[in-house]
Amino acid sequence: MQDVLKNFRLQGGVVSCEPYGCGHINRTYLVVMDSGKRYILQGLSTVAFKDIPGLMENVGAVTRHLAKKVSEERGCLHLVPTVDGADYYHDGAQGYWRVYDFVEDSLCLQAPETPEDFYQSAVAFGTFQRQLADFPAETLHETIVNFHNTPDRYAKFKAVLAGDRLGRAKSARYEIEEFLKREADGATLMNMLHEGKLPLRVTHNDTKLNNVMLDARTRKPLCVIDLDTVMPGLLAFDFGDSIRFGAATAAEDERDLSKVSLDLELYRIFAQGFISACPQLTEAEYVSLAWGARTMTLECGLRFLTDYLDGDHYFAIHREGHNLDRCRTQLKMVQDMEGKWEQMLAIIEEIHKA
Ligand code: ADP
Ligand code: GN1
Ligand code: MG
């Protein structure tokens, strides 16, 4: 790693560089210097991202835009330049690398420890929307084309299923049938977009709880991280992906499905925080939020299933069948949301009318 690190303008000498965090996509390392300064080094996934120069142009522009809006250093991510003054380092053999200042005295949670933590993460993602409301969306590269186009995710799933190269479909018969049954549901948001009912905004598109940093002392939001998928999108994507991950009663890869459900109280709390911090929502956007939760969960489950059938190339796995386990929790969440659907709509309506 020394070979990579020597290309960045770091303060001091490197003491250690160890794998860090729970991300599924990039290779993340914590770098500790003899000066006491710490950094995050990331090797970017060329499986997930086909245009990394474009992606890094987005990240550079977005972080610089945010830096003008925040009141303290830890209020947004800061890229550390290379010795040549660039935002990232690329080497044919070693791939693409970037370095961020480590966000010190912060918490990055895999699950909310208290409902208040979840509320604060909602405020963080809502505020992020507001801070980017005046960002020139047309300058952003689409870092993953059709990222939250669920009908397109279905098309890719069906192509992989038809090939079934690894013969894994037989071990996921039930899940395959259940996802196929819900294809029309998966198109709801895209239909609303194409009918001109929902506005495109600059969205984060990957609003997992572990993509927000809270202040370790006050537990108030510091900043939103993992900006690789900042692109034009729907508010419902950001709301929905947060619910999918953070309002679940169990981890994304829990094997005991009896533990997996949607916590409606956490759903309500997140909606309150998110709506209060976001720019003004349109009438249709309010209605779209519950669909966002259902669609992002369905889509993510479908993506895990597709990657399982395809040989686990996309999401990092840590055990055999990991992506199938993840797919099963998402399906269980979708089924639970269907049972709670009227309540999910009513909760948003109550907040809207309050
Ligand atoms: P991935 O796309 O793989 O999820 P992330 O950018 O989310 O990659 O980073 C993975 C994890 O590393 C985060 O969940 C967080 O715990 C940690 N992390 C990333 N950037 C920083 C940072 N600047 N300061 C502190 N921790 C960070
Ligand atoms: C990935 O990068 P990370 O781990 O925050 C994925 C998301 C999925 C999520 C599922 C770029 O998020 O879309 O919802 O895993 N990110 C990308 O946990 O594909
Ligand atoms: Mg992440």
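# Briefing: cores, pockets, a cavity and a magnesium site

Thr297 touches Arg244, Gln330, Met333, Val334 and Met337, with residues up to four places away in sequence not counted and contact meaning heavy atoms within 4.5 Å. This is a predicted model, in which local features need pLDDT of at least 70 and side-chain atom pairs count only at pLDDT 80 or more, while totals for chains, interfaces and linings use all residues. Residues are numbered from 1 along each chain as its sequence is written, chains are lettered from A and ligands numbered from 1 in the order in which they are written, and side-chain values use heavy atoms, with hydrogens and water left out.

- Thr297 has its place in helix H10; helices (H or I, at least four residues) and strands (E, at least two) are DSSP runs numbered from the N terminus.
- At 0% relative accessibility, Thr297 counts as buried, where buried means under 20% relative accessible area, exposed over 50% and partly exposed in between (1.4 Å probe, protein chains only).
- Thr297 and Ile243 are 54 residues apart in sequence, and their C-alpha atoms are 8.4 Å apart in space.
- Thr295 is also found in helix H10 and counts as buried at 2% relative accessibility.
- Leaving aside neighbours within four places in sequence, Thr295 is in contact with Thr150, Gly186 and Leu189.

**Nonpolar cores**

- The largest nonpolar core has 79 residues, and those with the most contacts inside it are Phe239, Ile243, Leu262, Tyr267 and Met344; such a core is a set of buried Ala, Val, Leu, Ile, Met, Phe, Trp, Tyr and Cys residues joined through side-chain atoms within 4.5 Å.
- Helix H9 (residues 264-277) gives the most to this core, with seven residues.
- Apart from this core lies another, of 19 residues, among them Tyr154, Leu161, Leu298 and Cys327.
- Met344 is in contact with Leu262, Leu264, Tyr267, Ala290, Ala293 and Met337, leaving aside its neighbours within four places in sequence.
- In soluble globular proteins, nonpolar side chains tend to be buried together.

**Magnesium site**

- Asn211 (OD1) and Asp226 (OD) coordinate the magnesium ion (ligand 3) at 2.2 Å; donors are N, O and S atoms within 2.8 Å of the metal (3.2 Å for Na, K and Ca), and water is not among the atoms, so sites may look incomplete.
- Asn211 lies in the loop between strand E7 (201-203) and strand E8 (212-215) and Asp226 in the loop between strand E9 (221-224) and strand E10 (231-233), so the pair ties together parts that are 15 residues apart in sequence.
- Asn211 counts as buried at 5% relative accessibility, whereas Asp226 counts as partly exposed at 25%.

**Pockets**

- The largest pocket has a volume of about 810 Å³. On a 1 Å grid over the protein atoms alone, a pocket is an open set of points with protein on both sides within 12 Å along at least five of seven lines, a cavity is a set of points where a 1.4 Å probe fits but cannot get out, and lining residues have an atom within 4 Å of a point.
- Grid points are joined across faces, edges and corners, and a volume is the space filled by probe spheres set on the points.
- Of the 46 residues that line the largest pocket, Gly23, Asn210, Asn211, Ile225 and Asp226 lie nearest its centre.
- H10 gives the most to the lining of the largest pocket, with five residues.
- By class, that lining has 22 nonpolar, 13 polar and eleven charged residues; Ala, Val, Leu, Ile, Met, Phe, Trp, Tyr, Cys and Pro count as nonpolar, Asp, Glu, Lys and Arg as charged, and the others, Gly among them, as polar.
- The second largest pocket has a volume of about 460 Å³.
- This second pocket is lined by 18 residues, of which Val47, Ile144, Arg153, Lys156 and Tyr314 are the closest to its centre.
- Helix H4 (150-163) and H10 are the elements that give two or more residues to the lining of the second largest pocket.

**Cavity**

- The count comes to one cavity of 30 Å³ or more, and about 50 Å³ of space lies in the largest cavity.
- Arg244, Phe245, Ala248, Ala250, Ala251, Glu252, Val260, Thr329, Gln330 and Met333 line the largest cavity.
- H8 and helix H11 (322-339) are the elements that give two or more residues to this lining, and H11 provides the largest share, three residues.
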